[in-house]
Amino acid sequence: MAMAGRLRSSLPHFQKILRSDSLSSPQRSTLLCPAFSNPEFSRDYSSASPPKEQKVKVPLTMFGVSGNYASALYLSAVKANALEKVESELLDVVEASKRSPTFAQFMKDLTVPKVTRIKALTEICAEAKLSDITRNFLLILAENGRLREMEIIAKRFTEATMAHRGEVKAIVTTVIPLPPEEEKELKETLQEILGQGKKVKLEQKIDSTILGGLVVEFSQKVFDMSIKTRARQMERFLRDPVNLGI
């Protein structure tokens, strides 16, 4: 997508920014991101507050630091009616970090001065034309030294957006990709199990170690129908002593 292309094209600016020593003054940090100078604004992800506060709830309970950040971002995105846009931008940033070793190292390296992190992300966000919510959220992560947790936070955020849309992620692991007809049949079967009001979102994974068959994971359930597991069960059965009741 276009935003992802702009994001990738802006990554070369990192090396120049990281080498720069022109941002040594604390005042410069305030100019770059004035909201961070006041603790009251440290969790204000949207650029402007609505006249009347909209009551919004996160559709699932999330715990830990990543859950807290993801929940806060979800609430802000819903209130700004920008949930899909923020989700797309967040996933593009994660993808960019996977494609660029420099960007990935920048996200994880806590030795990079805070002012430098903010300066770099400010330029990246401007170049990629990210929304105000996504930009402010990234800057808050930079301010709090949480950029290295970006991927897990994005994952938790996606879980919230899927719950919002009534989607249930199902992961099917096979040795080779499922043919379209079998994928459709599996999706319909899972849809029947889930019932109305839920929509199955199928994700395929390839793992040659299961030897054959498939493993389906969804709604905290695992259905292991792999040849590997069946072989282990058969091995245990053959090793167990046979009780003939004599």
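Reader: Is asparagine 81 buried or exposed, and why?

Author: Buried means under 20% relative accessible area, exposed over 50%, and partly exposed in between (1.4 Å probe, protein chains only). Asparagine 81 counts as exposed because its relative accessibility is 74%. This is a predicted model, in which local features need pLDDT of at least 70, side-chain atom pairs count only at pLDDT 80 or more, and totals for chains, interfaces and linings use all residues. Residues are numbered from 1 along each chain as its sequence is written, and side-chain values use heavy atoms, with hydrogens and water left out.

Reader: Where does asparagine 81 lie, and what phi does asparagine 81 take?

Author: Helices are DSSP runs (H or I, at least four residues), numbered from the N terminus. Asparagine 81 sits in the loop between H4 and H5, and has a positive phi of about 55° although it is not a glycine. Lysine 129, in the loop between helix H7 (114-128) and H8, has a positive phi of about 60°, although it is not a glycine.

Reader: Which residues of H4 are buried, and what covers them?

Author: Among the buried residues are Tyr69, Leu73, Tyr74 and Val78. With contact meaning heavy atoms within 4.5 Å, the cover of the buried residues of H4 includes helix H5 (83-99), helix H8 (132-143) and helix H9 (150-164).

Technical notes
Helix = DSSP H or I, 4+ residues; strand = E, 2+ residues; numbered from the N terminus.
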